[in-house]
Amino acid sequence: MTAPPDIADLVLFTDLDGTLLGDDGLPGPAAPALARLAAAGVAVVWCSSKTRLEQEALRRVLGADGPFIVENGSAVLVPGSPPDLPRRSGYGLGLLGVEAVQVRAELGRQRGRLGVSFRGFHELPTAELAAITGLDLEAADRARAREFSETLVGLSDADRSVLEPALAERGLRLACGGRFHTVTGVGADKGAALRWLMARLRRAPGGSGLRSLAVGDSENDLAMLRAADRAYLVARVDGGPVAPEGVERLAGVGPHGFAELVELLLAGAAGVRR
Ligand SMILES: [Mg+2]
């Protein structure tokens, strides 16, 4: 099958957990789909709550080498040495959130001032973190290596109601992600990160015609889906979020939905609003 001629003008932003990766943390049918996209010249940008170290481990496995978005839109990491961006860990850094050292310092101040109780991932011994998260020791260390956010354990609802507004006054957002709470800068946002990177790509020579697609599975992807020219939700076993207007639902769960989207793209059936 030959790809439509304009498919190389697409930039596909994808969430990882529950979208490109299944419950087992593996891409399954998404892996060959990614290879087909690469062969067709479609750029794929990962946009996830995962850290740089977590994503780098996956990038090595899946052969990804383009820009990627870490820690829920806190930062865009651009490979190479773009002269207009500050350097960070071998990448050009587009910072939308704030540095983790600032997040941790503010959390420490507020914990003392408000008398609230919690622990940050960076305060836990690796073995305890592995036990809490169900990760092995190496993966627990990668999950802990947050550069633009901090994840909290043991925060009660009562303490949360005190801490959240205090952090907001300091430019930080406390979000509940199921068992854990995560604190980022208020500017960290998957949609803002998509817009930042698309603006950059469109400014580059030959980039003015690029169009964005986004695919995700949950509430924390909605800003990214709204920011894209066209957007999709993969299915979830529990049903997932209500699809905002204009967002299309795929039938497959997680990476099966991702592979289904790639089929549509390569068949030219998933045109993009102009
Ligand atoms: Mg997800």
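These notebook entries record what I looked up in one protein structure.

**Entry 1. Confidence**
I noted first that this is a predicted model. The protein chain has a mean pLDDT of 92, and 95% of its residues reach 70 or more. Where pLDDT is low, the predicted coordinates should not be read in detail.

**Entry 2. The magnesium ion**
Which residues coordinate the magnesium ion? I found Asp15 (OD), Asp17 (O) and Asp217 (OD), at 2.2 Å. Along the sequence, these donor residues follow the spacing D-x1-D-x199-D. Asp15 and Asp217 link distant parts of the chain, being 202 residues apart. I located Asp15 in the loop between β1 (10–14) and α1 (30–39). Asp217 is in the loop between β11 (211–216) and α8 (222–227). I also checked accessibility: Asp15 and Asp217 are buried.

**Entry 3. The open sheet**
I traced an open sheet of four strands, in the order β3-β4-β6-β5, with antiparallel pairing. Its edge strands are β3 (68–70) and β5 (87–88), each of which pairs on one side only. Between β5 and β6 I recorded two bridges. Arg87 has Gly92, in β6, as its bridge partner.

I next asked which helices lie across these strands. Helix α2 (residues 52–62) lies across β3, β4 (75–79) and β6, and runs at about 145° to β3. Helix α7 (residues 190–203) also lies across β3, β4 and β6, running at about 30° to β4.

**Entry 4. Val98**
I found Val98 in the loop between β6 (91–95) and α3 (100–114). Which residues does Val98 contact, leaving aside its neighbours within four places in sequence? I listed Val103, Glu147, Phe148, Leu172 and Gly185. I also compared Val98 with Leu222: the two are 124 residues apart in sequence and 21 Å apart in space, C-alpha to C-alpha.

**Entry 5. Cysteines**
How many disulfides does a search of the whole structure find? The search gave zero. A disulfide would need the two sulfur atoms within 2.5 Å. Cys47 counts as buried because its relative accessibility is 0%. Cys176 is partly exposed, with a relative accessible area of 43%.

Technical notes
Residues are numbered from 1 along each chain as its sequence is written. This is a predicted model: local features need pLDDT of at least 70, side-chain atom pairs count only at pLDDT 80 or more; totals for chains, interfaces and linings use all residues. Side-chain values use heavy atoms; hydrogens and water are left out. Contact means heavy atoms within 4.5 Å. Two strands pair if DSSP finds at least two bridges between them. Axes are lines fitted to C-alpha atoms, for helices over the stretch in contact, and angles run from 0 to 180 degrees between N-to-C directions. pLDDT is the predictor's confidence in each residue, from 0 to 100. Donors are N, O and S atoms within 2.8 Å of the metal (3.2 Å for Na, K and Ca); water is not among the atoms, so sites may look incomplete. Buried means under 20% relative accessible area, exposed over 50%, partly exposed in between (1.4 Å probe, protein chains only).
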